[in-house]
Amino acid sequence: MGLRSHHLSLGLLLLFLLPAECLGAEGRLALKLFRDLFANYTSALRPVADTDQTLNVTLEVTLSQIIDMDERNQVLTLYLWIRQEWTDAYLRWDPNAYGGLDAIRIPSSLVWRPDIVLYNKADAQPPGSASTNVVLRHDGAVRWDAPAITRSSCHVDVAAFPFDAQHCGLTFGSWTHGGHQLDVRPRGAAASLADFVENVEWRVLGMPARRRVLTYGCCSEPYPDVTFTLLLRRRAAAYVCNLLLPCVLISLLAPLAFHLPADSGEKVSLGVTVLLALTVFQLLLAESMPPAESVPLIGKYYMATMTMVTFSTALTILIMNLHYCGPSARPVPAWARALLLGHLARGLCVQERGEPCGQSRPPELSPSPQSPEGGAGPPAGPCHEPRCLCRQEALLHHVATIANTFRSHRAAQRCHEDWKRLARVMDRFFLGIFFSMALVMSLLVLVQAL
């Protein structure tokens, strides 16, 4: 800045010392006007004829580009074109006295400029003014157009991420002049978006302007400012494809663990694999989101899905316990046999081989072994002598033992089959419940994108 000021001062000195004969007619008039205007001019004081008079400054902002939105640090970087207009009481002339010359362009450092700064600036660099020219008209109107890259603080609310909308305000005002000395007003009701370059992540809905007059605790006089509120809506297509859609597909895959046969040995493995995949996507989401009290919508969906997968895996383990009940297990309780193996099995169409859908096997009672020494007595035969029964007594005892063992084995097998059938009924029941839950949660999240 020091070298630039030195070169600028040297150029102005050469302009003053340049002979008028070296310039054309228009150049001689401009040089004469410049010498007359700045002979006794100073840019250190406010350019008003009366010190009690308020100087009005009109502010106009044109949004050119959204450079970056840093959600984690809550900083918005914009490329703006800022136009300021005011009237300088000491820079007026009669165009007829200078050959009809009604406007000149001079370096902005030569004239007084309002100290309007961005109040919510989030940059460590000290505020600096762009070294652009100002347009000076014969009636004293000064127009200063300058480009600026602003870094402003913006409160980012990610509660509805990735279908969120953000409101970021840019507040401009004078740093040292109160409202009685300098009054700033916006030109128009909103900033201009005519030259805006579309952003791939954010859609700009508007940038309305609002003027406020505030009184701060440090000073008694009011300070006017102008706030341009940038209305943004996130383009959610990339997040839906990369984060949301994989989670939806995985969540719909998780309940299918109830449909796997228990003998396959993959029921618990599928639930654990789905839970690990959701954890990886949850870590990817946490890296891009700022730490905040409100959990994003997609974060809530991930948490609900992981909770559902955890419960489904735990229920799968319990159902496999029922499936592998051995022959030594006690029989299925009467209420479970009537409610689950009866009504629920018919409703879910869980049947055994050869059994038509909608019918269930009638409950069978465990047969009670009968003693060969019952009241029926010995079988009729050709031998009616008591010694014949004595000879067949040992044989009949062994036959009864074999029959009782076979009946006990069949009863244990039937009890084991009942537990396996009960496990299939519970699998079908929880398959419908968890699949419906996953489908409803996915639809509630995806409907936000429409």
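**Helix geometry and packing**

Student: Why does the span of helix 6 (residues 334–348) agree with expectation?

Tutor: In this predicted model, the 15 residues of helix 6 should span 21 Å at 1.5 Å a residue, and its end C-alpha atoms lie 20 Å apart, so the two values agree. Cysteine 349 follows helix 6 and has a positive phi, near 60 degrees.

Student: Which residues of helix 6 are called buried, and by what cut-off?

Tutor: Ala336, Leu340, Leu341, Gly342 and Ala345 are the buried residues of helix 6; the term requires under 20% relative accessible area.

Student: What span does helix 3 (residues 237–253) have, and where does helix 3 bend?

Tutor: Helix 3 has 17 residues and reaches 23 Å from first to last C-alpha, close to the expected 24 Å. The bend, about 40 degrees, is at leucine 244, and proline 246 follows within four residues.

Student: Why are helix 3 and helix 4 (residues 267–288) called roughly antiparallel?

Tutor: Their axes cross at roughly 165 degrees and come within 10 Å. Angles over 145 degrees count as roughly antiparallel, and helix 3 and helix 4 are therefore described in that way. The crossing of helix 3 past helix 4 is left-handed.

Student: Which residues make this contact?

Tutor: Helix 3 contributes Asn242, Leu243, Pro246, Cys247, Ile250 and Leu253, while helix 4 contributes Leu270, Val274, Ala277, Leu278, Phe281 and Leu285. The buried residues of helix 3 include Leu243, Cys247 and Ile250.

Technical notes: Residues are numbered from 1 along each chain as its sequence is written. This is a predicted model: local features need pLDDT of at least 70, side-chain atom pairs count only at pLDDT 80 or more; totals for chains, interfaces and linings use all residues. Side-chain values use heavy atoms; hydrogens and water are left out. Helices (H or I, at least four residues) and strands (E, at least two) are DSSP runs, numbered from the N terminus. The expected span of a helix is 1.5 Å times one less than its number of residues. The bend at a residue is the angle between axes fitted to the seven residues ending there and the seven starting there. Buried means under 20% relative accessible area, exposed over 50%, partly exposed in between (1.4 Å probe, protein chains only). Axes are lines fitted to C-alpha atoms, for helices over the stretch in contact, and angles run from 0 to 180 degrees between N-to-C directions. Angles under 35 degrees count as roughly parallel, over 145 as roughly antiparallel, 65 to 115 as roughly perpendicular and the rest as oblique. A crossing is left-handed if the near helix is turned anticlockwise from the far one by less than a right angle, and right-handed if clockwise. Contact means heavy atoms within 4.5 Å.
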